[in-house]
Amino acid sequence: MSYPFELLDWHQDQIDSLLRRPTPNPVHTIALIGNGFDLSLGLKCSFNDFKNYFRDLLDADLDDRGDSFAGIYAEISAVTGPDWSNFESELANLNLPSSVAELSYVDEGDLQELDELAADGAEYSGEFRNGLEKVFTSWIRSFPRMAPSPPTPAGKEVVASTDAIVNFNYTMTLGTMLGVSPNKVLHPHGIVDGPAGLHFGCPPPERDPRDAAFNPLSAAVREQALSELRASLTKVHRLELLHAFLEHAEKLKIVNTYGFSFGRADLPYIDAISDAFCDGATVWRQHCYTRGESLSESDDAARCENALASLKFPGRIELVSV
């Protein structure tokens with residue numbers, strides 16, 4: 001699988017660039033913090049907020065790449081749902097735009113245009129990924145340094161009572177709002193203006209969309225271009241980084257999840273934690289936004305229970321209403 005843009009190889013120097021030492025020691029409890037935590041602080045960081053920012057950018061046409069960005073916006077709008085977990089999962093279903101998908105040969109047996117067609121597809125993949133990353137990073141940078149609302153009592157308690165925090169957000173709100181030491185927090189996907197850039201994307205595709213070997217030549221090349229596009233948007237899970245951060249953890253007593261969506265793109269992290277650091281005595285405490293519902297009706301509770309059941313979590317699940 002080839003990528004039309006540069007990705008970090010996970011050697012020790014890249015791990016060290018995202019890992020503050022000394023790492024937490026001892027580690028008996030950890031917390032996984034997701035976008036819901038920043039939403040509870042009043043940050044406009046929902047997926048709809050991102051789409052609104054993207055639309056405003058297009059309307060202002062500030063970047064001199066309006067047509068290219070409009071195409072990216074149209075493509076992600078066509079396949080994504082309302083939430084970040086939907087956004088990341090559905091990126092795997094992107095299709096080529098008509099400008100690439102309709103390229104074909106006058107003669108299916110003529111190989112003269114093969115390289116050009118393949119290069120057009122690869123170039124589009126790179127431009128799409130880089131353009132989306134540029135808008136995404138610009139949006140994160142637009143957030144205020146101090147969030148508008150104070151943390152909830154439950155959020156404060158989770159942060160204060162936890163030995164180590166894995167933060168899937170790209171912001172520094174734990175430090176700016178709660179004074180959490182950077183050594184206590186791992187940002188596996190980076191922070192805005194951090195040393196490794198922001199990292200987002202979809203889970204690896206479960207299968208190729210079609211078997212290109214049985215398609216005509218031009219269709220096969222389009223399938224290759226589509227595969228490159230989806231590969232360029234696939235999230236490379238940084239499990240080595242997670243294990244390095246939790247180097248002093250043995251079997252965990254408590255795993256807290258707060259504002260975490262259990263999206264398919266991030267399940268490998270949950271699986272790694274469950275497999276390496278949890279046993280029958282571990283309590284997985286899921287903080288659920290019930291919005292007046294009972295815990296049994298909570299979407300947050302259902303997502304947690306379903307995900308942990310699918311990964312064969314060995315311990316006990318505890319649901320807490322926030």
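A contact is a pair of residues with heavy atoms within 4.5 Å of each other.

**Figure 1. Overview of the predicted protein chain.** The model shown is predicted. Its protein chain has 13 helices and 6 strands. Among contacts with a separation of 6 or more, 79% are between residues 24 or more positions apart. Buried residues make up 48% of the 322 residues. The accessible surface of the chain comes to about 15300 Å², and carbon and sulfur atoms account for 49% of this surface.

**Figure 2. Helix α3 and its buried side.** Helix α3 comprises the 14 residues 47-60. At 1.5 Å a residue, this helix should span 20 Å, and the distance of 20 Å between its end C-alpha atoms agrees. Phe47, Phe50, Lys51, Phe54 and Leu57 of α3 are buried. These residues lie on the same side of α3, because they cover an arc of only 120° around the axis. An α-helix has 3.6 residues a turn, so residues three or four places apart point the same way. On the other side of α3, Asp56 and Asp59 are exposed.

**Figure 3. The largest nonpolar core.** This core has 47 residues, of which Phe50, Phe54, Phe128, Leu132 and Phe136 touch the most other members. Elements that give two or more residues to the core include strand β1 (27-33), α3, α4 (66-79), α7 (114-141) and α10 (217-232). Helix α7 gives the most, with 7 residues. Leaving out residues up to four places away in sequence, Phe128 touches Ile72, Glu75, Ile76, Leu94, Leu229 and Leu233. Another core, of 32 residues, lies apart from the largest one; among its members are Ala244, Val255, Cys278 and Leu311.

**Figure 4. An aromatic cluster.** One aromatic cluster is formed by Phe47, Phe50, Phe54, Phe69, Tyr73, Phe136, Trp139, Phe143, Tyr170 and Phe200. Of these residues, Phe47, Phe50 and Phe54 are also among the buried residues of α3. Phe50, Phe54 and Phe136 are also among the residues that touch the most other members of the largest nonpolar core.

**Figure 5. The aromatic pair of Tyr258 and Tyr289.** A search of the whole structure finds 16 aromatic pairs. In this one, the ring centres of Tyr258 and Tyr289 are 5.9 Å apart and the planes stand at 80°, so the pair is edge-to-face. The pair links distant parts of the chain, its two residues being 31 residues apart. Tyr258 belongs to strand β4 (residues 249-258), whereas Tyr289 lies in the loop between β5 (283-288) and α13 (299-310). With a relative accessible area of 1%, Tyr258 is buried. Tyr289 has a relative accessibility of 18% and therefore counts as buried, since the cut-off for this class is under 20%.

Figure 6. Val158 is found in helix α8 and counts as buried, at 3% relative accessibility. Apart from its neighbours within four places in sequence, Val158 is in contact with Ala31, Asn256, Tyr258 and His287. The C-alpha atoms of Val158 and Tyr258 are separated by 7.9 Å, although these residues are 100 residues apart along the chain.

**Figure 7. Asn86 and Arg264.** Asn86 lies in helix α5. This residue counts as partly exposed, with 26% relative accessibility. Its C-alpha atom is separated by 8.8 Å from that of Arg264, which is 178 residues apart from Asn86 along the chain.

Terms used
Residues are numbered from 1 along each chain as its sequence is written. This is a predicted model: local features need pLDDT of at least 70, side-chain atom pairs count only at pLDDT 80 or more; totals for chains, interfaces and linings use all residues. Side-chain values use heavy atoms; hydrogens and water are left out. Helices (H or I, at least four residues) and strands (E, at least two) are DSSP runs, numbered from the N terminus. The expected span of a helix is 1.5 Å times one less than its number of residues. Buried means under 20% relative accessible area, exposed over 50%, partly exposed in between (1.4 Å probe, protein chains only). The arc is that of the directions from the helix axis to the C-beta atoms. Accessible areas come from the Shrake-Rupley method with a 1.4 Å probe; for residues, only the protein chains shown count as cover. A nonpolar core is a set of buried Ala, Val, Leu, Ile, Met, Phe, Trp, Tyr and Cys residues joined through side-chain atoms within 4.5 Å. Rings of Phe, Tyr and Trp (its six-membered ring) pair if their centres lie within 6.5 Å; planes under 30 degrees apart count as stacked, over 60 as edge-to-face and the rest as tilted.
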